[in-house]
Amino acid sequence: MLPPAAERLVAELERLPGVGRRTAQRLAFHLLRVPESEALNLATAITVVRERIGFCQECFSLAEGDLCTTCADPRRDTTMICVVETPSDVIPIERTASYRGRYHVLGGALSPIDGVDPDDLRIAELVRRVERGGVDEVILATNPTMTGEATASFVAGLLRPHARVTRLASGLPVGADLEFADEVTLGRALAGRRDL
Amino acid sequence: MRIEHLRLRGFRCYAAAEATFAPGLTAVVGANGAGKTSLLEAVHFTLAGYSPRTSSETRCIRQGDAFFRLEARAVSGGQERSTTAALQAGEPRRLTLDAKPIRSVAAFAVAFECLVFLPERLAVVQRAPAIRRAYLDRAVVRADPAHARETAAYGRALAQRNAALRRVRAGAATAASLDPWDERLATHGSAIIEGRARLCAALAAPFAEVLRDLGGGPGAALRYAPRVGAAELAGALAERRSRDIERAVTGTGPHLDDIALAEGGRELRAFGSQGEQRTAVLALLLAEARLVTERLGEAPVLLLDDVFSELDADRRRRLIMVVRELGQAIVTTTEREHLPAPPDTLLTVRAGTVTMSV
């Protein structure tokens, strides 16, 4: 129905996560309607991002150049490493503004069903970083899912001889009502209670 | 806890019908295919939020109708509650509790307890261990809803460990990659073993009592003997690792356990007659009903489908006595003569109509 070039654009947009056929068509028609310069800006941004952005040599987060902004920042605490699954997991932790250490991005979580083994993640790189010394604490901030927990337990086993290993606490969200908390979350909050 | 009134529209063979239930024993009498089981199914739908008979619930919609709708009035914890269940083909079922829409059937489990016997439940005694495990796990969840997550998590961890075993055997991963899955499996597996052991310990005495009251022989036993104890699971997985890698399947853990049901020192599965096996399944259900009564201070609603067949006159009489002691029960039968005593309500079912006779 569409001319082949437009059809190709729709097909490419449809490959994006969360985008179905109809949304892809809407986006394509939008790109055809706006001034040419605006559409090309998007194309340029994609080209530039793919040319310039790679993985940080140190923590495997996204970086423009060899090091990401966190690893390049001399004010960051080098004695702490926070381990996350994906680069996007860094953002919420940065938003807390209460973590001043560095990161390590594993690039996913262990899942043999999906063919993800320890070799497929940046685990050996993490162990080398810690073995080099100067790291006092590693915070495991993988997701509290089956695969995230398994990944945390695997990484913890490897790092324990070299550094203090901690896991993000899980419990009640701030401002939540006890009455509406689910049993598992509340159970964990009870298990992880603290002295006041 | 009891159901007082049920209204059906477009459900199974019922175009439009209603039924009133007395607090004690209600007998539903009718020929084969008249709609006795469907009436029980409708009651279960309004008290539990789903069909106990089928997972494809659109089959409950009467032929030629576009939807079904059930409305019930019940009493629970001394309070009058109203529920509705409706389903239109191709749409999710719509449930309400006290006129508020309910998304999860868990809300029904909190509001009502309703235990059901269907003839296919005989499989619990007769067939493979997997069926007994599933039955037991559901009973554990009924007593402790949070346990459902453990069962689900164990299933996921087991699938991951088996996948990891295959990858290790194929040389795609090292044996160390099994460590985190052993740990996950041990964590959730121990919780499952403990939950089952707790429930079986609580059920064992009432099971023996009820089985005796139902006319069963002495020496009734309900035993959960896990092949590995909760505390030893982690060690057992480590010990089995090389054999598990060879076979690429996890050879120990609660997913392989069985529950022994015995009477007079004989395994019912191997030695019981049809009548004895039926009595044992009923005893299991009624023992759970006693536990529920203790926990809530109120008896669950019992739905018993075709319980009298294969039972002799003495066992039928005993069954009704045990059931009457508990609370409200709705019992179906093809033969009115099978009823050992007149029920509190007699509902006669014929071709999609329900008539009440006193």
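**Around the largest cavity**

Author: The lining of the largest cavity has 10 nonpolar residues, no polar ones and one charged. Nonpolar here covers Ala, Val, Leu, Ile, Met, Phe, Trp, Tyr, Cys and Pro, charged covers Asp, Glu, Lys and Arg, and the others, Gly among them, are polar. Keep in mind that this is a predicted model, in which local features need pLDDT of at least 70 and side-chain atom pairs pLDDT 80 or more, while totals for chains, interfaces and linings use all residues. Residues are numbered from 1 along each chain as written, chains are lettered from A and ligands numbered from 1 in written order, and side-chain values use heavy atoms, without hydrogens or water.

Here is the lining: B:Val124, B:Arg132, B:Tyr135, B:Leu136, B:Ala139, B:Cys200, B:Leu203, B:Leu222, B:Ile259, B:Leu261 and B:Leu284. (On a 1 Å grid over the protein atoms alone, a cavity is a set of points where a 1.4 Å probe fits but cannot get out, a pocket is an open set with protein on both sides within 12 Å along at least five of seven lines, and lining residues have an atom within 4 Å of a point.) The structure holds one cavity of 30 Å³ or more, and the largest cavity has a volume of about 80 Å³, counted as the space filled by probe spheres on points joined across faces, edges and corners.

Where does the lining come from? At least two residues each are supplied by α4 (129-143), α6 (179-213) and β10 (259-263) of chain B. The most come from α4(B), with four residues. (Helices, H or I with at least four residues, and strands, E with at least two, are DSSP runs numbered from the N terminus.)

α9(B) has another neighbour, helix α10 (residues 313-326) of chain B: the axes come within 11 Å and cross at roughly 10 degrees. The two helices are therefore roughly parallel. Among the residues in this contact are B:Thr279, B:Leu282, B:Leu286 and B:Arg290 of α9(B), with B:Leu319, B:Val322 and B:Val323 of α10(B). By class, the contact has seven nonpolar, three polar and four charged residues.

Finally, compare the largest pocket, with about 1,100 Å³ of space. Its lining has 36 residues, and B:Tyr50, B:Val105, B:Ala109, B:Val141 and B:Arg142 lie nearest its centre. Among the elements that give two or more residues to this lining are α2 (106-111), α4 and α9 of chain B. The most come from α2(B), with six residues. By class, the pocket lining has 24 nonpolar, three polar and nine charged residues.

How values were computed
Axes are lines fitted to C-alpha atoms, for helices over the stretch in contact, and angles run from 0 to 180 degrees between N-to-C directions. Angles under 35 degrees count as roughly parallel, over 145 as roughly antiparallel, 65 to 115 as roughly perpendicular and the rest as oblique. Contact means heavy atoms within 4.5 Å.
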